[in-house]
Amino acid sequence: MIDFILNPYYIQIASFILINIVLGISIYITLSTGQLSLGSAGFMSIGAYTSALVTMKLGMPIFAGIISGAIVAALAGILVGIPTLRLQGVYLAVATLGFGEVVRVLFNNMEITRGAMGLPGIPHFGRVLAQSLADMGLTADMLGLRNNQWSALLLFIVLLVIVILVIWFFVRQNHSRIGRAYTAIKEDEQAAESMGIPTTYYKVLAFSQGAMIAGFAGALYAHTTSFINPGDFSYHRAVEILIFAVFGGSEVIWGPIFGAAFLTALPEVLRDLADYRLIIYGLLLVAMMAFRPQGLIDYNVINWLKRKFKKQNKHDSVSNGSDGNGSSKQKGGTL
Amino acid sequence: MFEQQLINGLTLGSIYAIVALGYTLVFGVLEILNMAHGEIFMFGAFIGLLMVVQFGAPIPIAILAAVLVTAVMGFLLERFALRPLRGKKGVSHLAPLISTIGVSIFLENLAHHLFGAETQPFPVSFARISFEIGGVKIYLVQLTIFLIAVALMIGLSLWLQKTKAGKGLRATAESIETANLLGVNTQRIITLTVIIASAMGGIAGVLVGMAFNAVSPQMGLAIGLKGLAIIILGGMGNIKGAMVGGLILGLTEVMSVAYGDSGYRDAIAFLMIIVILLVRPQGLFGSPATQVKR
Amino acid sequence: MLELKSIQKSFGGLVALKEVSFTVQKGEVFGLIGPNGAGKTTLFNVITSMFPPTQGQIQFLGEMIHGKKPHKITRLGIARTFQNIRLFGHMTALENVMVGEHCRSHAGVFSSVLRTNKQKEEERSIREKAARLLELVDLKGMEEVFADNLAYGQQRRLEIARALASNPQLLLLDEPAAGMNEKETEDLYHLIKKIQQQGITVILIEHDMSLVMRVCDRLAVLNFGEKIAEGRPEEIQNHPAVIEAYLGKEEEE
């Protein structure tokens, strides 16, 4: 049983789900100000290559590589964001689409990235961790695990902690002055500006936060697969990330999280569909826009879950139960 | 050989211009970026190729077939991906953008399954025929492409200026409400616009296939991106901007390959986007007012 | 406190405002009336810099403000409501007002995420002030309702609360009584008076003449983008040009 659960292949898929959740959050952050970025794959590749090169060529530790990957991606985000975010939303979509393609052309042509051949031998997060733990005296045998199980498991645990931290960060940010500014801009940009919110600043902030998180995810990806090539970060990747948010929902952070988890796991369960994945994704995008533009999980679903959960609690513990206002929250759909 | 490059640049630019016209027509009327335009264009190229290779059809027939198929695709695109979103309350401006992205990804992968992922050559019977004028070598293919492109641009301009439907289209582009009040059937004009834009994409597809002697499912994205760059350069929704912008990009690319580094040729379009957004965000021919409009 | 000097605004060839000048004194309620399409809302948009004037100057508290970004103008102390209600529909009433306090608060990304003591303190005071303002506009008990789900009159009042949240010295109200019944309009009258008593200057665009005549200290009349009269309500009521251009047409509405 334990061997079945700790099958490195399953753990690796679980790890990819976690990385895709981070990517889903990255596009959600940008969308939460009503901006659509098609450059997530570009920022992801910047993070991936930066971290890979920093660890391989400069011999820096992995965590330093990951942080520098995220920072470089954020800087690129600011660079692209400032000229485009002053304008209508469609400009951002085009500029980021172009940006993604150019980054790919760049990595395809550069010598240090080995061009289209790709970059092998990137230090694997799990194996490096297992090595350090072994140096401290904790080895896989002591836990009754095989080495590849142990390193895959370590990687999964680290990613899980990271994902929880990222979610925690943005949930808190959403429930603050910053989050309110984001939502206000998404709802009505001009009105938000009139109410004293520097909209350009917050749009650039949200966009570069999205870029940073995408870069961060890219770096994690590099140290999970140990091999990257420019083809990993094509336009299709950007569209795939977009689908996490469009399918799962872009109103609440749980939407893209659900979307990423569900859509990453699905082709593993339904093997036959894997070949037609992108065709289905395309149809899914069109159908979602026509029938449920806010995605599967929206405010209503969350409130419904909350109410249900509350009732359960009330039922269990005989409390004074005053949740008077819960029922009045409702809404129609916007993206 | 500056003159030689000039000819090459003009040929390339005239094709780019037609691709950009497809984007700009739809944007001008609907204020929607049709992200599927590149893929419709790619289908046009494949249909043309199919006609030439499978049925040995001459180029005019191939173009006609491409036009027919892409026009139908345009109709379907409008009917199923755009119309359901129009006028619906609470739908943001991103919805049609995302919807057409969906169509683009669908079409590209459909092409993978139908035609295969490889790049295929586009045989043209008169590919080797060329003549020289003042030391400049001009291929008949180039001349054909250039003439078709120019004829198409002139035809479109005349149609917009002179015909009733063309005037209706321009009125709809100004303001859908006003056009409605003036008795224009805007629903029909909108459908017509997407169909015409798509059919022009189909022609452009065949021309690109001939020009590069290559057709592949990925060409939609590569050329489509350039079309998008051009309409930002020329001004979104601006017909003249698309034509001039296309020529500028074509010439710049050819010159940069001739006198610079060819590896980065595809980066030029993007650099152009950034520069124009910084310097003149409304584009070369756009009016600043479009910026305020949301 | 607010001085407009020959403001001109044109869209393409269309002149929306022609040489409009007037001065608003501190503490008064200043009415802005005129037929539909006279340029009243355009004037608000120019004052709040939603679009800059083509020509002319605007001085607020001794500072030139034309051409500044809208959010900076709000910071300087001018807040507004919208004729076609523009609330943040999918935010609660309370959150809408809290957004209004944005320019008077400071917490950044990191203090927000780490919830420092200072941030918690600020957040609490934002929340309390927002609740007080909702009470002021008679929306107590509606805190958690989405703005979209409020009744029309409630939305109008919520807009006022949201504008007041930015601590304005000058409040621009764009047809606050539109769509309100008699009782609501009466409440609005008292609300405007209360706002005035707090030392906030008000410019009011309104079609409800009985409200305008009662609540305003002075009025300006716009017609086809031009100011045709300015003065106290009783002066305006008897002004020949106004009667001709505006009051005569009112029966058609």
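The model is predicted: local features need pLDDT of at least 70 and side-chain atom pairs count only at pLDDT 80 or more, while totals for chains, interfaces and linings use all residues. Residues are numbered from 1 along each chain as its sequence is written, with chains lettered from A and ligands numbered from 1 in the order in which they are written.

- Chain A gives 37 residues and chain B gives 39 residues to their contact; two residues are in contact if their C-beta atoms, placed from the backbone, lie within 7 Å.
- On the side of chain A that touches chain B, the elements giving two or more residues are α4 (62-85), α5 (89-109), α11 (235-248) and α13 (277-291) of chain A. Helices (H or I, at least four residues) and strands (E, at least two) are DSSP runs, numbered from the N terminus.
- The largest share of that side, 13 residues, comes from α5(A).
- By class, the side of chain A that touches chain B has 26 nonpolar, ten polar and one charged residues. Here Ala, Val, Leu, Ile, Met, Phe, Trp, Tyr, Cys and Pro count as nonpolar, Asp, Glu, Lys and Arg as charged, and the others, Gly among them, as polar.
- Turning to chain C, 32 of its residues are in contact with 26 residues of chain A.
- The elements of chain A that give two or more residues to the side touching chain C are α7 (147-174), α8 (177-187) and α9 (189-194), and the largest share, seven residues, comes from α8(A).
- That side of chain A has nine nonpolar, nine polar and eight charged residues.

**Helix α8 of chain A**

- Ten of the eleven residues of α8(A) are buried, so the helix is largely enclosed by the rest of the structure. A residue is buried if 20 or more other C-beta atoms lie within 10 Å of its own, exposed if 12 or fewer, and partly exposed in between, with C-beta atoms placed from the backbone.
- Among the buried residues of α8(A) are Arg177(A), Arg180(A), Tyr182(A), Lys186(A) and Glu187(A).
- The buried residues of α8(A) pack against α7, α9 and α10 (199-225) of chain A, together with α3 (93-100) and α4 (109-114) of chain C.

**Helix α3 of chain A**

- 15 of the 18 residues of α3(A) are buried, so this helix is also largely enclosed by the rest of the structure.
- The contact of α3(A) with α5(A) has six nonpolar, three polar and one charged residues.
- Just after α3(A), Gly59(A) takes a positive phi of about 65°.

**The nonpolar core**

- The largest nonpolar core has 275 residues, and those with the most contacts inside it are Val22(A), Ile15(B), Leu207(B), Ala229(B) and Leu204(C). Such a core is a set of buried Ala, Val, Leu, Ile, Met, Phe, Trp, Tyr and Cys residues joined through C-beta atoms within 7 Å.
- Leaving aside neighbours within four places in sequence, Ile15(B) is in contact with Ile145(B), Ala149(B), Ala204(B), Leu207(B), Val208(B) and Ala211(B).

**Chain C as a whole**

- Chain C has ten helices and ten strands.
- The C-alpha atoms of chain C fill a box of roughly 65 × 40 × 35 Å, taken along the principal axes.
- Of the 253 residues of chain C, 47% count as buried.
- Among contacts in chain C with a separation of 6 or more, 66% join residues 24 or more positions apart.
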